[in-house]
Amino acid sequence: MPLFIEDKQVGPIDSIEDLYCKYPSLKESAKAFLSKPVVSVDPKSLLYVQQREVAATTKGDKHVSVIGTEDATTCHMVVLRHTGTGAVALAHCDGFNTPRQVSLIVKAVTSLSGRFHEGRLELHVVGGFEDDKKLSEKISHDLLTMFQNQDLNIYLETCCTTEMNDVLVDGIHKPIIYGIGVKVETGEVFPASFTFKGPAENLRSARRFTKGEMVEIYEPNQGIVKVGPCSWPPQPDLIKWMTMTDKEILEALSTSPKAEPSDFVRSIKATMWFILDHPNPDSLFPGDQPQRYRKTDCGDWDRIVQP
């Protein structure tokens, strides 16, 4: 089924630049989005989504009022919401098996919406910039093409990617927006930053670092974040990485080393140390069961220990 912009069916997408030319309203909505202030989100109400993760919930969620993600350079942040039911999903997409990622996003929303008769699916895509390798442009194109190929009508409301999310700083191209949030109650999408990126931040990063596919992490009916089980083979080469300079790690492991946020290397090192400290990840999942976390009344995530 088709993708729509301003109730007009979108034809084949040759490039993101061409899309902006054909639909000037996309540029205007992107400019409006860029004009919004960056909100520092209170962890007490937050469900944080890492790279290669998706989470979805509904307006009835008593635990989470904002879903958010950050640290996107060439990565894209995607929000899909059904206006009738209020079911909303946020995903952090990196171009790794985009068809599967888009299918997961759509399924996450439609599975919470039941047999809806009123409302429509609205899409917001933010991220990427004019990077030297043109990775952002490819991710933008592949994402929109895959949404266009879904079996449901989808309405593109925000497309703030590549050229529209690009700024020159001392001659270096960088993204303007690195993070976004979505308010579960209203569906409002906004630029955001986060001081908390858990629970189980290093474990979730390790799963992605060792080539894990995108996964859905949240069980909205129970208010539970679910992690794993996952596994990785021995990683003896990581010891060598830990002897390298920050610059060497940045150049080798980033798709856009000149545009990464300041804590990129620190986060990568923490992930590598976690993997080295857990060479047998099976021990992290007793009985081959996932780790589960539920929010307390204070807004912290506590691990649920199985009896």
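Q: Is glutamate 163 buried, exposed or partly exposed?
A: Glutamate 163 counts as partly exposed, because its relative accessibility is 27%. Buried means under 20% relative accessible area, exposed means over 50%, and partly exposed is in between, with a 1.4 Å probe and protein chains only.

Q: What kind of model am I looking at?
A: This is a predicted model, where local features need pLDDT of at least 70, side-chain atom pairs count only at pLDDT 80 or more, and totals for chains, interfaces and linings use all residues. Residues are numbered from 1 along each chain as its sequence is written, and side-chain values use heavy atoms, leaving out hydrogens and water.

Q: OK, back to glutamate 163. Which side chain does it meet in a salt bridge?
A: That of lysine 27, at 3.6 Å from N to O. Lysine 27 is in helix α2 (residues 24-34) and glutamate 163 is in the loop between β10 (154-161) and β11, so the pair ties together parts that are 136 residues apart in sequence. A salt bridge here is a side-chain nitrogen of Lys or Arg within 4 Å of a carboxyl oxygen of Asp or Glu. The helices (H or I, at least four residues) and strands (E, at least two) are DSSP runs, numbered from the N terminus.

Q: And lysine 27, buried or exposed or partly exposed?
A: Lysine 27 counts as partly exposed, because its relative accessibility is 29%.

Q: How many salt bridges does that rule give?
A: The count comes to 15 salt bridges.

Q: Which residue pairs with glutamate 157?
A: Arginine 120 does, with the side chains meeting in a salt bridge at 3.0 Å, N to O. Glutamate 157 is in strand β10 and arginine 120 in the loop between α3 (98-113) and β9 (121-127), so this pair ties together parts that are 37 residues apart in sequence. Glutamate 157 is partly exposed at 29% relative accessibility, and arginine 120 is partly exposed at 25%.

Q: What network is arginine 120 linked in?
A: A network of salt bridges that links Asp7, Arg120, Glu122 and Glu157.

Q: What about aspartate 246, which partner does that one have?
A: Lysine 269, in a salt bridge of 2.7 Å from N to O. The pair links distant parts of the chain, with aspartate 246 in helix α7 (residues 246-253) and lysine 269 in helix α8 (residues 264-277), 23 residues apart. Aspartate 246 has a relative accessible area of 42% and is partly exposed, while lysine 269 has 23% and is partly exposed.

Q: Which way do they point?
A: Val88, Leu90 and His92 point one way, and Ala89, Ala91 and Cys93 point the other way. In a regular strand, side chains alternate between the two faces of the sheet.

Q: Which strands are joined to β8?
A: Strand β5 (residues 53-57) is joined to β8 by four bridges, and β7 (residues 76-82) by six. Both pairings run antiparallel. Strands pair if DSSP finds at least two bridges between them. Alanine 56 has alanine 89 of β8 as its bridge partner, and valine 79 has leucine 90.

Q: What does glycine 86 do in the β7 and β8 hairpin?
A: Glycine 86 takes a positive phi near 80 degrees, in a hairpin with five residues between the strands.

Q: Which residues other than glycine have a positive phi?
A: Among them are arginine 52, with phi near 65 degrees, and threonine 162, at about 40 degrees. Arginine 52 is in the loop between β4 (46-48) and β5 and is buried, with a relative accessible area of 8%. Threonine 162 is in the loop between β10 and β11 and is buried too, at 7%.
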